[in-house]
Amino acid sequence: MDSGDASQQEWDAWQLYFETTARLTARIEERLKAHGCSLMDYQLLLLLYNAPDHRMRMGELAQRLVFSPSRLSYQIGVLGKRGWVERRRVECDGRGWEAVLTAQGVRAFRELRPAHARDVQELFFSALHGDDAARLAELMRRVSGLLG
């Protein structure tokens, strides 16, 4: 492999990041599934829960989740069957579509949130010390900026 301008230390950091995030994601997913929810279900519920009036345009939701439109439609359908989310025409223009968190979806999210928060505390936050969170956030903002 041609490493370009990257040092061995940088490649080692990349490999560690890649493996650790995969393991962390798998562990969080496993714990959420014990509560009948996938990580993607939870992230979608979180975004809608935090959105004004618990609703978001489908395009923005797909962008935030890094989903294709078809994948988002499928995921909305899954949560719709549970009664947690509805897909509706945007009231103000009647052209676009939005996902809306239902009252049942709000209850489901509120029930899932404490266990998920404990898992994130145990598996992620407990490893952070001092200004680690601020430094990590800054790094992730810089990487995010490169991705657009």
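Residues are classed here by relative accessible area, with buried meaning under 20%, exposed over 50% and partly exposed in between (1.4 Å probe, protein chains only). Cys37 counts as buried because its relative accessibility is 1%, whereas Cys92, at 69% relative accessibility, counts as exposed. The structure holds zero disulfides, a disulfide being a pair of cysteine sulfur atoms within 2.5 Å. The model is a predicted one, in which local features need pLDDT of at least 70 and side-chain atom pairs count only at pLDDT 80 or more, while totals for chains, interfaces and linings use all residues. Residues are numbered from 1 along each chain as its sequence is written, and side-chain values use heavy atoms, with hydrogens and water left out.

The secondary structure of the chain comprises six helices and three strands, where helices (H or I, at least four residues) and strands (E, at least two) are DSSP runs numbered from the N terminus. Read along the sequence, these elements follow the pattern α-α-β-α-α-β-β-α-α. The C-alpha trace spans about 55 × 35 × 30 Å along its principal axes, and buried residues account for 28% of the 148 residues in the chain. With contact taken as heavy atoms within 4.5 Å, 52% of the contacts between residues at least 6 apart in sequence join residues at least 24 apart.

When neighbours within four places in sequence are left aside, Leu45 is in contact with Leu79, Trp84, Val85, Leu101, Phe109 and Leu112.

The largest pocket holds about 1,900 Å³ of space. On a 1 Å grid over the protein atoms alone, a pocket is an open set of points where a 1.4 Å probe fits, with protein on both sides within 12 Å along at least five of seven lines, and lining residues have an atom within 4 Å of a point; grid points are joined across faces, edges and corners, and the volume is the space filled by probe spheres set on the points. Of the 37 lining residues, Tyr17, Thr21, Leu24, Phe124 and Met140 are the closest to the centre of the pocket. Two or more lining residues come from each of helix H1 (8–33), helix H2 (39–50), helix H3 (58–65), helix H5 (103–123) and helix H6 (132–147), with H1 giving the most, at twelve residues. By class, the lining has 23 nonpolar, six polar and eight charged residues, where Ala, Val, Leu, Ile, Met, Phe, Trp, Tyr, Cys and Pro count as nonpolar, Asp, Glu, Lys and Arg as charged, and the others, Gly among them, as polar.

Several individual positions were also examined. Met58, found in helix H3, counts as buried because its relative accessibility is 10%. Not counting residues up to four places away in sequence, Met58 touches Leu72, Ser73, Ile76, Arg87, Trp97, Glu98 and Ala99. Met58 and Gly145 are 87 residues apart in sequence, and their C-alpha atoms are 23 Å apart in space. Ser73 lies in helix H4 and is partly exposed, with a relative accessible area of 36%; Ser73 and Gly105, 32 residues apart in sequence, are 17 Å apart from C-alpha to C-alpha. Gln75 is likewise found in helix H4 but is buried, with a relative accessible area of 9%. Apart from neighbours within four places in sequence, Gln75 is in contact with Ser38, Met40, Asp41, Leu44 and Phe67, while Gln75 and Arg135 are 60 residues apart in sequence and 33 Å apart in space, C-alpha to C-alpha.

Positive phi values occur at residues other than glycine, namely near 55° at His54 and near 60° at Val66.
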